[in-house]
Every structure is written in structure tokens, then in C-alpha cells.
Amino acid sequence: MTSFTEEVFDAPLIALVVGTALARLAGLAGISALDGWHPALRVGLAVMFALTAVAHFVGQRRADLIAMVPPRLPRPDLLVTLTGVLELVGAVGLLIPATARVAAAGLALLMLAMFPANVSAARRRLTLAGRPVTPLAQRTVLQIVFVTTAAAISFGP
């Protein structure tokens, strides 16, 4: 049985929160490029996507992600590789002020496009890293947080 914190605070959320907080602290400490919540959110979301992208390419995590792709879609291995590459490109794009808004918008669309895989995995009761995938209600809330963060970057100051 998983605890409440394990269900609500998964690794991507932790990466987003910690990455944002550390970037904001760096801004407050005098790093002008990180002075403000908007640049800190860009760093936090970039950290989150760098973390999640790695899972698309390594070991059992990759196999678990391939299994999450809805069965009706062709070439789940290729789809997982493609989404991993897009996540990495988006993470880099978030760190470049000139491309951050477009990168954030693209990542928001990518998250929306990948959400059916989360729904499918929850309905099929799959595991990720040996643990049950996040239940659909919690995954939906997390997805809203992640997409809202990307939208705030895309449409923010």
C-alpha cells in the first residue's frame, strides 16, 4: 500500500517544485537571469522534463513506458523514443529565453497528447518502476498542475 505522499508527490512534481525553489533562491541570491518567478518556473519545468525524458531511454523504466502506450497505437517503442526526444528538446528550449514561450506551449500540447497513455495505464493497472501507476484522479490533478505551469510560462510576463 502506498502512502498519501507517495501518491501525491511523485518524482516529476518534486523535480518541478525543488527545481523552481532552487532557481528562485538563486535569483534572490543575485543571479539576475533567475530574478523572478517566471524564470524560476522555466528552470523547474526544465528540470522536471529532463528527469522524465531520461526514463524514455533507460532500462526497465523505458519498458514500463512502452507498456503504457495504448495498445491501439503503432510502434510504442518509437513513440516513447520520440516523446523522450521532444521532452529533452523542450527542456532545453525552456532554458533559452527566446524560445521558452514556444517550448512551454509545445510541452503543454505534448502533455495533453500523452495523457491518454496515463489513462490507459491506470485502467490496465500497469506498474512503473515496480509500483502501480499513479491512480487516475491523482494523475489528472498532477497533469493539470504541469499543464498550468507550462501555460503560465507560455503566456506569462
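The model is predicted, with local features requiring pLDDT of at least 70, side-chain atom pairs counted only at pLDDT 80 or more, and totals for chains, interfaces and linings using all residues. Residues are numbered from 1 along each chain as its sequence is written, and side-chain values use heavy atoms, with hydrogens and water left out.

**Salt bridges**

- The whole structure holds 3 salt bridges, a salt bridge being a side-chain nitrogen of Lys or Arg within 4 Å of a carboxyl oxygen of Asp or Glu.
- One of them joins R139 to D10 at 2.9 Å, N to O; R139 belongs to helix 7 (residues 136-155) and D10 to the loop between helix 1 (4-8) and helix 2, so the pair ties together parts that are 129 residues apart in sequence. Helices (H or I, at least four residues) and strands (E, at least two) are DSSP runs, numbered from the N terminus.
- Both R139 and D10 are buried, where buried means under 20% relative accessible area, exposed over 50%, and partly exposed in between (1.4 Å probe, protein chains only).
- D35 is exposed at 52% relative accessibility, whereas R24 is buried with a relative accessible area of 14%.
- R75 and D77 form a salt bridge at 3.1 Å, N to O, and D77 is partly exposed, its relative accessible area being 31%.

**A charge over a ring**

- The charged end of R24 also sits over the ring of W37, 5.5 Å from its centre; the rule asks for NZ of Lys or CZ of Arg within 6 Å of the ring centre and within 35 degrees of the ring normal.

**Helix 2 and the surface**

- L28 is found in helix 2 (residues 11-28) and counts as exposed at 57% relative accessibility.
- Together with I14, V17, V18, L22 and L25, L28 makes a nonpolar surface patch of about 570 Å².

**Positive phi angles**

- Most residues other than glycine have a negative phi.
- R125, although not a glycine, has a positive phi of about 55°; R125 lies in the loop between helix 6 (100-123) and strand 1 (127-128) and is exposed at 74% relative accessibility.
- A129 has a positive phi near 60°, is placed in the loop between strand 1 and strand 2 (131-132), and is partly exposed at 39% relative accessibility.

Terms used. Patches are made of residues with over 30% relative accessible area and no salt bridge: like charges are joined within 9 Å, nonpolar side chains (Val, Leu, Ile, Met, Phe, Trp, Tyr) within 5 Å. Accessible areas come from the Shrake-Rupley method with a 1.4 Å probe; for residues, only the protein chains shown count as cover.
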